[in-house]
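This briefing concerns the structure shown below.

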Amino acid sequence: MAGTVSMPTEGARGRVDVRLRRGARATTTRPQPQDRTGHPLRAAIVGGGPGGLYTAALLKRLDPAREITVWERNAPDDTFGFGVVLSDETLGGIEHADPVVYEALRQHFVRWDDIDIVHRGTRHTSGGHGFAALGRRRLLQILHERCRSLGVRLRFRTEAPDPARLAETHDLVVAADGVHSTTRDAYADVFRPRITGHRCRYIWLAADFAFDAFRFEIAETEHGVMQLHGYPYAADASTVIVEMREEVWRAAGFDGADEQESVERCAKIFADALGGRPLRSNRSAWTTFRTVVNERWSHGNVVLLGDAAHTAHFSIGSGTKLAVEDAVALAACLEERPSVEEALTAYEEERRPVVASTQRAARASLEWFEDLPRYLGRPPRQFAFDLLTRSRRVTHGNLRLRDARFTESVEREFGCPPGTPPMFTPFRLRGLTLRNRVVVSPMDMYSATDGVPGDFHLVHLGARALGGAGLVMTEMVCVSEQGRITPGCAGLYTGRQADAWRRITGFVHEHSPGTAIGVQLGHSGRKGSTRLMWEGMDEPLPDGNWPLVAASPLPYKPHGQIPRELSRAELTDIREQFASAARRAARAGFDLLELHCAHGYLLSGFLSPLTNHRTDAYGGSLEKRLRFPLEVFDAVRDVWPEERPMTVRISATDWAEGGTSAEDAVEIARAFAAHGADAIDVSTGQVVDGERPEFGRSYQTPFADRIRHEAQVPVIAVGAISSWEDVNSLILAGRADLCALARPHLYDPHWTLHAAAEQGYDGPGTAWPAPYRAGSRPPRTGRTDAPKPRLSPSG
């Protein structure tokens with residue numbers, strides 16, 4: 001399948017490479033898995049694609065006494081698709097595991113470095129990417145020859161026996177029978193597969209000439225947007241994939257076109273990319289990509305491999321790549337473990353996190369192409385940069401290493417002064433100009449007494465302000481005693497609390513000029529009266545509880561306290577509590593105010609259909625669910641100084657069926673923006689106890705990206721943004737305006753200053769406090785003055 005960029009090496013793959021770096025026959029002191037009678041392993045491989053064949057070859061090479069049989073329903077030369085892309089680390093694994101196969105592949109590889117992105121008549125080229133590809137038929141021929149030379153039994157045009165029968169007559173059954181695996185289906189109750197369809201149609205074609213780069217071309221037709229993915233796999237041939245949204249495919253009439261008509265029409269649409277040359281097919285048909293995930297990969301002595309176990313969208317790498325890596329890992333685990341059962345457990349433990357990471361990246365890439373029309377209006381170089389970094393695996397710094405000239409051109413177009421990383425460019429919100437794009441995210445400290453922030457808050461927030469971020473946010477500050485989450489929550493419902501906050505804002509403004517400090521106002525709603533986080537997060541207090549209120553009388557946890565549904569009069573009272581807290585916040589000297597409408601707290605509880613079951617004017621449709629949060633926003637905006645910005649934090653999805661959807665989130669953002677919100681802080685989840693979030697690096701940023709472009713409002717991205725590489729990439733790609741980080745700032749209060757030092761940046765985007773300037777370079781460690789060797793003996 002296609003690939004876009006070579007991926008960073010995973011640690012697990014490196015271990016596999018070393019473990020299988022052996023000669024024609026492996027030698028090992030470990031006991032080898034054997035069958036019940038003590039004879040060498042008998043293995044059945046179901047599926048004669050690259051993954052199954054390579055598994056067979058490795059198993060036989062490592063122990064020639066093994067009996068290995070491959071069943072393949074098709075003929076030896078039958079194959080779908082055209083070219084296969086393999087990354088450098090995958091090739092390294094092949095070279096170590098089987099040098100004979102590697103050498104045969106090497107002789108047929110086509111290599112290239114560039115990616116061309118053609119959009120609206122302009123081509124942008126980025127170099128340094130390093131691809132290797134060859135024809136799929138050639139790959140199969142090489143693996144057939146290797147298997148035969150080793151003594152593997154290849155049974156073509158033969159359906160494999162029933163999986164249960166194979167499991168009885170063999171010590172190991174490898175299901176490498178693809179995305180439509182019959183073996184997986186036979187044990188679906190054990191493997192528990194989840195198969196997800198997607199929104200684009202694509203067709204796999206070929207051209208009889210070699211592109212000189214990996215090529216992405218965008219066609220804006222009368223029916224909608226279509227895209228071409230093309231790359232060479234031989235000196236005179238290229239793979240061409242044409243992809244488009246389902247509705248575009250239907251509008252263009254492809255749903256009624258036969259194979260030949262589809263081929264001819266695709267060639268006409270992308271005539272410029274093809275130089276007017278034709279396309280050809282190989283039983284090609286329009287299809288939709290299906291993501292396969294299995295809860296388990298093995299059952300007894302039956303194990304899934306390659307597409308039978310998992311799929312990853314062709315836009316980030318090939319299924320062949322993953323299958324080959326699976327084969328290497330499986331063979332290594334069988335060498336290392338004394339039984340098949342232990343080997344299969346180790347194989348899954350090793351490969352599952354690697355595959356999950358790849359699938360997260362693939363999902364991000366897939367969704368980028370599904371939502372391609374959203375990005376077409378971006379500046380041309382930013383569009384190209386966004387495409388290249390869409391999976392979040394390729395970052396700003398990584399791309400700079402590959403092609404500094406291209407990356408610098410994107411930075412210039414964005415407006416970065418020379419030598420200035422994107423994260424250190426300023427950003428204006430109303431009358432406030434932030435000197436950089438880094439936000440210290442709100443983090444509850446649960447360390448206040450009677451709602452009064454003390455020395456801990458002064459040191460905590462003061463340290464992070466000294467650490468160089470453009471904006472430091474308080475934890476959620478509660479607008480009433482009843483609105484606290486825990487007894488340790490800070491508030492702004494008394495003058496004493498406001499005075500304590502004034503002490504903190506004064507410190508920030510005096511000792512860290514250029515850093516802004518913002519307050520986040522909220523009310524706990526049904527998530528209140530709970531223990532301190534480290535005593536049991538969201539668990540009810542054992543005693544001393546206070547009554548809870550919410551949009552509807554629904555407990556957050558099944559054993560939690562049931563809140564009282566708020567009356568109209570009580571809604572008015574709470575609205576005034578927010579306004580009063582905002583007045584105190586203004587007098588306390590905060591530069592920005594954020595309204596907390598996320599994470600299942602009171603205002604969030606009104607927004608989500610899962611937590612708002614009201615039948616009055618404040619429940620039902622999204623418009624009605626928005627009514628009270630917007631009333632609160634308006635009340636706060638009326639008393640908050642005009643020149644100071646207001647932001648709103650929302651949960652863009654509840655990660656639960658029937659909850660707030662991504663489409664709802666866009667409408668919620670639009671509504672707040674229409675009422676005067678200067679930016680939307682886009683978080684997700686924590687609304688219902690039974691949520692199923694899809695965690696991963698920067699996993700919430702796609703929601704921010706969507707809101708930014710569809711609601712046309714600045715956004716703050718949050719959610720496992722852990723490195724300055726992430727921040728630079730998100731800002732430069734136009735997916736976010738600001739990036740909020742929490743845990744990195746707990747680990748390192750001076751995270752932003754260190755990010756500047758590590759990038760060699762010393763400009764106005766951040767500044768070391770005068771007493772700290774001596775620490776603006778990493779201290780030396782170990783002896784550095786030892787004499788260095790000068791001469792080498794010649795003999």
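Is Cys 597 buried or exposed? Cys 597 counts as buried, at 1% relative accessibility; buried denotes under 20% relative accessible area, exposed over 50% and partly exposed in between, with a 1.4 Å probe and protein chains only. The model is predicted: local features need pLDDT of at least 70, side-chain atom pairs count only at pLDDT 80 or more, and totals for chains, interfaces and linings use all residues. Residues are numbered from 1 along each chain as its sequence is written, and side-chain values use heavy atoms, leaving out hydrogens and water.

**Cysteines**
- The whole structure contains zero disulfides (pairs of cysteine sulfur atoms within 2.5 Å).
- Cys 597 is in no disulfide, and the nearest cysteine sulfur, in Cys 478, is 14 Å away.
- Cys 266 is buried, with a relative accessible area of 1%; its closest cysteine sulfur, in Cys 200, is 13 Å away, too far for a bond.

**Aromatic contacts**
- There are 27 aromatic pairs in the whole structure, a pair being Phe, Tyr or Trp rings (six-membered ring for Trp) with centres within 6.5 Å; planes under 30 degrees apart are stacked, over 60 edge-to-face and the rest tilted.
- Phe 214 and Tyr 231 are stacked, at 5.6 Å centre to centre and 15° between the planes.
- Phe 214 is buried at 0% relative accessibility, and Tyr 231 is buried with a relative accessible area of 0%.
- One aromatic cluster includes Phe 214, Tyr 231, Trp 112 and Trp 368.

**Annotated domain**
- UniProt, in an unreviewed entry, lists residues 423-756 as "domain: NADH:flavin oxidoreductase/NADH oxidase N-terminal"; such annotations may be inferred rather than shown by experiment.
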